[in-house]
Amino acid sequence: MVGTATTPPTTTGSAAGQITEPSVLPGGSGTATTSGAPVPTPAGTTSTGPVPTGAGAVPAGLQKFYGQTLAWGPCASYATDAAATSLYGDPNIQCARLTVPLAYSNPTGQTVSMGVLRKVATDRSARIGSLVTDPGGPGSSGMEWLASYVVGDTAADAGAAQKTVAGLNQKFDLVGIDPRGIGSSLPAVQCQTDAEKDKTFATDTRSRNQADVDAANALTKQIVSECLANTGKAQGIDSKTFFANIGTRDVAQDLDVLRAVLGDSKLSYLGFSYGTQIGWEYAEQFPKNVRAILFDGVEAPNVDPASSALGQQKGFETAFQNFAAYCATSSPGCALGTDPSKALAIFQGLVRPLLDKPLALAGGRTLTFASAITGVTWGLYFTQFQTALAQGLLALKAGDGRILMQLADSYNGRDAQGHYSNEQEAFNAVRCVDGPRKTDPAEVTKFNAAVAAAGPFGATGDPAGAIFDICALWPVPPTTLPHTLHISGLPKTLVVSTTGDPATPYQDGVDLAQQINATLLTVKGVRHTSYLSNGLSCVDDIGNAYLESLTLPTAAPTCS
């Protein structure tokens with residue numbers, strides 16, 4: 001899954017962002033609906049009342065949702081993993097549930113809820129309004145991400161990003177969201193148990209012969225059936241209807257309800273990675289309700305998922321080559337050697353033997369090829385991870401797979417107690433309705449060959465086969481399609497795009513800025529997203545000025 005900026009991985013295996021292919025795009029097609037009585041109003045939400053003054057026009061039939069009052073309270077009960085538990089006890093943050101329709105085409109039917117976390121502005125006399133944030137994914141918890149920036153740091157010990165966030169918090173109520181199906185929202189996408197996920201994530205997908213291909217597709221089909229069987233069951237919500245209404249099109253509508261309920265006439269929004277898709281989908285649906293949107297690490301609306309996946313594979317291959325150069329010169333005893341041109345062959349010699357003989361770990365787990373590649377790919381996301389990745393490969397060379405497994409666990413959302421977040425499951429559920437999918441075996445085989453060629457560091461070396469992506473077997477059709485944005489009435493926005501971003505290519509940011517006539521901030525470097533995440537004062541200063549005062553550079557700015 002596409003993740004966002006975060007801190008370097010630790011040995012705790014705490015959840016972070018994700019990899020795989022990013023989801024894409026909006027457009028519009030019909031969605032499945034369901035009838036029946038609404039489910040009970042979730043705890044943390046009060047009954048509806050008048051729509052807040054200044055909330056703007058309310059779409060027909062949605063007055064009760066736009067008029068609800070959030071019951072802010074302690075956050076502890078919203079925690080879904082160990083990391084959130086350690087953060088959500090802080091008394092300076094508040095949480096609530098936002099009630100929204102299961103299907104906007106049927107607003108009198110069943111409802112679902114979004115988890116919302118906020119830290120109120122510290123200077124109420126200078127308050128601008130709310131700044132709603134999303135860190136990416138799809139699948140990452142915006143509540144947990146925001147809490148990680150605003151909880152437990154003092155002016156003395158806070159890092160550069162925390163201090164920048166604290167500055168924003170003087171004038172904004174900072175708001176983090178768990179979009180529908182994600183994190184603490186109800187229902188959450190739920191497919192497999194923790195033990196089943198351990199097995200799934202460790203499975204090496206092979207294509208040596210038809211039996212391998214059939215086994216891979218059978219596992220995917222099984223996971224889809226588990227998602228259908230388990231999601232929404234506790235809330236009495238039909239999983240197929242829920243999946244038909246979980247896409248970014250629907251999240252953008254939820255965001256407008258939240259804007260009104262927060263009392264803001266215009267939305268101020270900060271989106272990273274997949275969060276940029278929420279941003280431009282919102283801008284397309286509600287251009288007149290936008291005050292400011294900062295996009296960082298863009299997923300372009302006119303790029304189909306297959307092209308996006310290939311672009312990402314190329315990006316990570318470049319990141320691997322950059323890492324090999326760093327390792328050769330800056331990491332003593334580099335496991336890839338001192339000649340970067342030979343690094344790929346050496347790397348394949350380290351990881352491909354795991355296909356036949358996984359490396360035993362403590363507690364009965366094993367480091368498989370799949371787990372090793374996941375850990376390495378996550379280590380390529382940010383330059384801050386290079387030291388950990390170099391150590392992990394050196395340890396693998398010595399027969400120790402613990403560090404790479406810790407990196408893989410961080411990517412997969414597995415904590416030290418063996419509990420997984422639902423990030424990966426939600427990622428699939430959202431991306432599968434956010435763009436078209438490939439279902440023709442010949443096309444799938446050709447595509448898989450192209451992916452292996454684009455990113456050979458992660459390839460098994462097997463001949464390509466018709467192994468389907470989970471979206472090919474997903475039980476509901478896409479609700480959005482790739483297209484070029486044509487938006488009227490949108491105020492000036494800011495796009496941040498990094499030249500060496502492995503997960504969201506620089507050109508996607510250029511394209512989005514052109515489509516919506518936004519200011520493009522080019523950041524030179526190799527990292528995934530740049531605002532608030534790398535201590536880059538040039539980027540942070542431009543972003544802060546835009547969000548706080550709507551001030552933008554007069555010329556195309558560049559930071560490095």
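**Helix packing, core and backbone features of the predicted model**

Helix α10 (residues 305-330) packs against helix α16 (residues 441-454) at an angle of about 20°, and their axes lie 8 Å apart. Axes are lines fitted to C-alpha atoms, for helices over the stretch in contact, and angles run from 0 to 180 degrees between N-to-C directions. The two helices, α10 and α16, are therefore roughly parallel to each other; angles under 35 degrees count as roughly parallel, over 145 as roughly antiparallel, 65 to 115 as roughly perpendicular and the rest as oblique. The crossing in which α10 passes α16 is right-handed. A crossing is termed right-handed if the near helix is turned clockwise from the far one by less than a right angle, and left-handed if anticlockwise. On the α10 side, the contact is formed by Ala306, Ala309, Leu310, Gln313, Lys314 and Glu317, and on the α16 side by Phe447, Ala450, Val451 and Ala454; contact means heavy atoms within 4.5 Å. Classified by residue type, the contact of α10 with α16 comprises seven nonpolar, one polar and two charged residues. Here Ala, Val, Leu, Ile, Met, Phe, Trp, Tyr, Cys and Pro count as nonpolar, Asp, Glu, Lys and Arg as charged, and the others, Gly among them, as polar.

The model is predicted: local features need pLDDT of at least 70 and side-chain atom pairs count only at pLDDT 80 or more, whereas totals for chains, interfaces and linings use all residues. Residues are numbered from 1 along each chain as its sequence is written, and side-chain values use heavy atoms, with hydrogens and water left out.

The protein contains 18 helices and 13 strands, where helices (H or I, at least four residues) and strands (E, at least two) are DSSP runs numbered from the N terminus. Of its 560 residues, 58% count as buried; buried means under 20% relative accessible area, exposed over 50%, and partly exposed in between (1.4 Å probe, protein chains only). Among contacts between residues at least 6 apart in sequence, 77% join residues at least 24 apart.

The largest nonpolar core has 64 residues, of which Leu98, Val132, Leu255, Leu258 and Trp474 touch the most other members. Such a core is a set of buried Ala, Val, Leu, Ile, Met, Phe, Trp, Tyr and Cys residues joined through side-chain atoms within 4.5 Å. The most residues in this core, seven, come from helix α8 (residues 248-261). When neighbours within four places in sequence are left aside, the contacts of leucine 258 are Leu70, Leu98, Val116, Val132, Val175 and Ile177.

A further helix pair is formed by α11 (residues 343-351) and α13, whose axes come within 10 Å and cross at roughly 60°. This angle makes α11 oblique to α13. The crossing of α11 past α13 is left-handed. Phe347, Leu350 and Val351 of α11 meet Leu393, Leu396 and Lys397 of α13 in this contact, which by class has five nonpolar, no polar and one charged residues. Lysine 397 belongs to helix α13 (residues 386-397) and is exposed, with a relative accessible area of 54%. Apart from neighbours within four places in sequence, lysine 397 is in contact with Ala335 and Leu350. The C-alpha atoms of lysine 397 and leucine 336 are separated by 9.5 Å, although these residues are 61 residues apart along the chain.

Alanine 244, in helix α7 (residues 239-244), is buried, with a relative accessible area of 5%. Its C-alpha atom lies 8.6 Å from that of proline 475, a residue 231 residues away in sequence.

Two cis peptide bonds are described here. One joins glycine 137 and proline 138, with omega about 0°; proline 138 lies in the loop between β5 (129-134) and α3 (142-150). Another joins leucine 186 and proline 187, with omega about -5°, and proline 187 is placed in the loop between β6 (172-178) and α5 (194-202).

Positive phi values also occur at residues other than glycine. Leucine 532 has a phi of about 70° and is found in the loop between β12 (519-523) and α18 (537-549), where leucine 532 is buried, with a relative accessible area of 2%. For leucine 550, phi is near 65°. Leucine 550 lies in the loop between α18 and β13 (558-559) and is partly exposed, with a relative accessible area of 41%.
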